[in-house]
Structures are given as structure tokens and as C-alpha cells.
Amino acid sequence: VFAYQATQPTILANKRRELAQAIEEVLRAPQHYDTLYVYQDALHRQLPPGVDASTLERVYLGYGASGERIGFAVESGAAGFQDRIGLIFGYNPATGRLLGMKVLQSTETPGLGDKIYKDTAFVGQFSRVAVPLRGVKRGSGRGDSTEVDMITGATISSRAVIRAINDALARLRPLLDTYRAEASP
């Protein structure tokens, strides 16, 4: 218990730093970003008094150098072959396309399932692809802007990544597409 208590602040600080780096990556180096909370079917920059923010889902709205919106970073996850795959992806509501994807947590099989974050060709597909995503066998795609080539030998892991993104956007896309910034207090 003492070791847990002594190391917990460092562990949490590392997780916050990793998340911040992932947000920067999937939003392509925004000038800054705001944390928004999903509360009562809306996005809020500030919550009413008494609402525990730690229990709420978060999204991150990135801004460019001149203050324009770049897009949203959204955390999601789905069951993979071994365990839950956690990821974050960037989404631009103006274009209906992804900006990027990064796996945050995975215990998929080394050499196969771990390609969801090690295979740069697979990861690179999540830049500028239209949503909702559709997984296809590598090389069989017709060039549809929603198609993502799945990894041979890691079909379950590939599908989990696609499912995590599609499920998150099915829930959140109406909120992301219509979000209007709250007035500053």
C-alpha cells in the first residue's frame, strides 16, 4: 500500500503527459486545445457545480495558430483479440474525415496484433480517411474514401480499431458536428 501511494502521483503524471502527447499527434500539433466534457448529451467546457468531472467522458478541441478549429481528439476503445485496445483519434467535423489515430493501450499478440500501432502503413491510413470507416482485405479496396486496409493475420485487432472509432463517432458525432463554444464567464 505504501509503494502504491508513493508511486501513484508519478504514474498519473506520466499518463497525463502521454495523453497530451497523443492529443498533439492526432490533431497535428495544435497551437492549444480545450478539454470538453460530455454531460447531459452536450459538450461543456465548464461543468455545473457539484458535477464530478473525473467520471465523465472527455474530448479535446484543438485550435490552430490563428484560432481556427482544427478538430476534436476523441478517446475510445474496443475489445481486441487479447484484451481491450484503447486509442485516441482526431476528427475534423468540417470535412467529416479523421486527422490521425494513435493506440494508447494494447496487449495484442507481438508480431501480429501489435501491428495496429507498429505498422506505419496501417496507422497512416487514419489520416484524412472519411467516416464511418469500412475495413477491407488489403489490396481488395476499390479506393473508397472510407476504406481501411486491415492487417493480414491481425484481422480481429484491425476490426477492433475500426469499431472503436466508428462506435465513438456514432455516439459523439452529432455533438462534435454541432458544438458551439460556450461563452467565457
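This is a predicted model: local features need pLDDT of at least 70, side-chain atom pairs count only at pLDDT 80 or more; totals for chains, interfaces and linings use all residues.
Colleague: Why is Ala-29 called exposed?

Modeller: The relative accessible area of Ala-29 is 57%. Exposed means over 50%. So Ala-29 counts as exposed.

Colleague: Where does Ala-29 sit, and what is its phi?

Modeller: Ala-29 is in the loop between α1 and β1. Its phi is positive, about 60 degrees, although Ala-29 is not a glycine.

Colleague: What makes Arg-128 exposed?

Modeller: Its relative accessible area is 55%. The cut-off for exposed is over 50%. Arg-128 is therefore exposed.

Colleague: What kind of peptide bond joins Val-131 and Pro-132, cis or trans?

Modeller: The bond is cis, with omega at about 0 degrees. Pro-132 is in the loop between α3 (120-124) and β7.

Colleague: Why is Gly-135 called partly exposed?

Modeller: Gly-135 has 30% relative accessibility. Buried means under 20%, exposed means over 50%, and partly exposed is in between. So Gly-135 counts as partly exposed.

Colleague: Where is Gly-135, and which residues is it in contact with?

Modeller: Gly-135 is in strand β7, residues 134-136. Leaving aside neighbours within four places in sequence, Gly-135 is in contact with Val-148, Met-150 and Ile-162. The C-alpha atoms of Gly-135 and Val-161 are 9.7 Å apart, and the two residues are 26 residues apart along the chain.

Colleague: What makes His-32 partly exposed?

Modeller: Its relative accessibility is 40%.

Colleague: Which residues is His-32 in contact with?

Modeller: His-32 lies in strand β1. Neighbours within four places in sequence aside, His-32 is in contact with Leu-61, Gly-62 and Tyr-63.

Colleague: How many aromatic pairs does the structure hold?

Modeller: The structure holds 3 aromatic pairs.

Colleague: Why is the pair of Phe-72 and Tyr-179 called edge-to-face?

Modeller: The ring centres of Phe-72 and Tyr-179 are 6.3 Å apart, and the planes are at 85 degrees. Rings pair if their centres lie within 6.5 Å, and planes over 60 degrees apart count as edge-to-face. So this pair is edge-to-face.

Colleague: Which parts does that pair tie together?

Modeller: Phe-72 lies in strand β4 and Tyr-179 in the segment after α4, so the pair ties together parts that are 107 residues apart in sequence.

Colleague: How do you know whether Phe-72 and Tyr-179 are buried or exposed?

Modeller: Buried means under 20% relative accessible area. Phe-72 is at 1%, so Phe-72 is buried. Tyr-179 is at 6%, so Tyr-179 is buried.

Colleague: What makes Phe-122 and Phe-126 an edge-to-face pair?

Modeller: Their ring centres are 5.2 Å apart and their planes are at 75 degrees, so the pair is edge-to-face. The relative accessible area of Phe-122 is 0%, so Phe-122 is buried. Phe-126 is also at 0%, so Phe-126 is buried.

Colleague: How many residues are in the largest nonpolar core?

Modeller: The largest nonpolar core has 37 residues. Those with the most contacts inside it are Phe-89, Leu-98 and Ile-165. The largest share of this core comes from α4, with 10 residues. Another core, of 9 residues, lies apart from it and includes Val-26, Leu-27, Tyr-60 and Leu-99.

Colleague: Which residues is Leu-98 in contact with?

Modeller: Beyond neighbours within four places in sequence, the contacts of Leu-98 include Phe-89, Phe-126, Val-131 and Ile-165.

Colleague: What is the volume of the largest pocket?

Modeller: The volume of the largest pocket is about 610 Å³. Among its 22 lining residues, the closest to the centre are Lys-15, Leu-19, Glu-75, Leu-104 and Gln-105.

Colleague: Which element gives the most to the lining of the largest pocket?

Modeller: Helix α1 gives the most, with 7 residues. By class, the lining has 8 nonpolar, 5 polar and 9 charged residues.

Conventions:
Residues are numbered from 1 along each chain as its sequence is written. Side-chain values use heavy atoms; hydrogens and water are left out. On a 1 Å grid over the protein atoms alone, a cavity is a set of points where a 1.4 Å probe fits but cannot get out, and a pocket is an open set with protein on both sides within 12 Å along at least five of seven lines; lining residues have an atom within 4 Å of a point. Grid points are joined across faces, edges and corners, and a volume is the space filled by probe spheres set on the points. Helices (H or I, at least four residues) and strands (E, at least two) are DSSP runs, numbered from the N terminus. Ala, Val, Leu, Ile, Met, Phe, Trp, Tyr, Cys and Pro count as nonpolar, Asp, Glu, Lys and Arg as charged, and the others, Gly among them, as polar. Buried means under 20% relative accessible area, exposed over 50%, partly exposed in between (1.4 Å probe, protein chains only). Contact means heavy atoms within 4.5 Å. A nonpolar core is a set of buried Ala, Val, Leu, Ile, Met, Phe, Trp, Tyr and Cys residues joined through side-chain atoms within 4.5 Å. Rings of Phe, Tyr and Trp (its six-membered ring) pair if their centres lie within 6.5 Å; planes under 30 degrees apart count as stacked, over 60 as edge-to-face and the rest as tilted.
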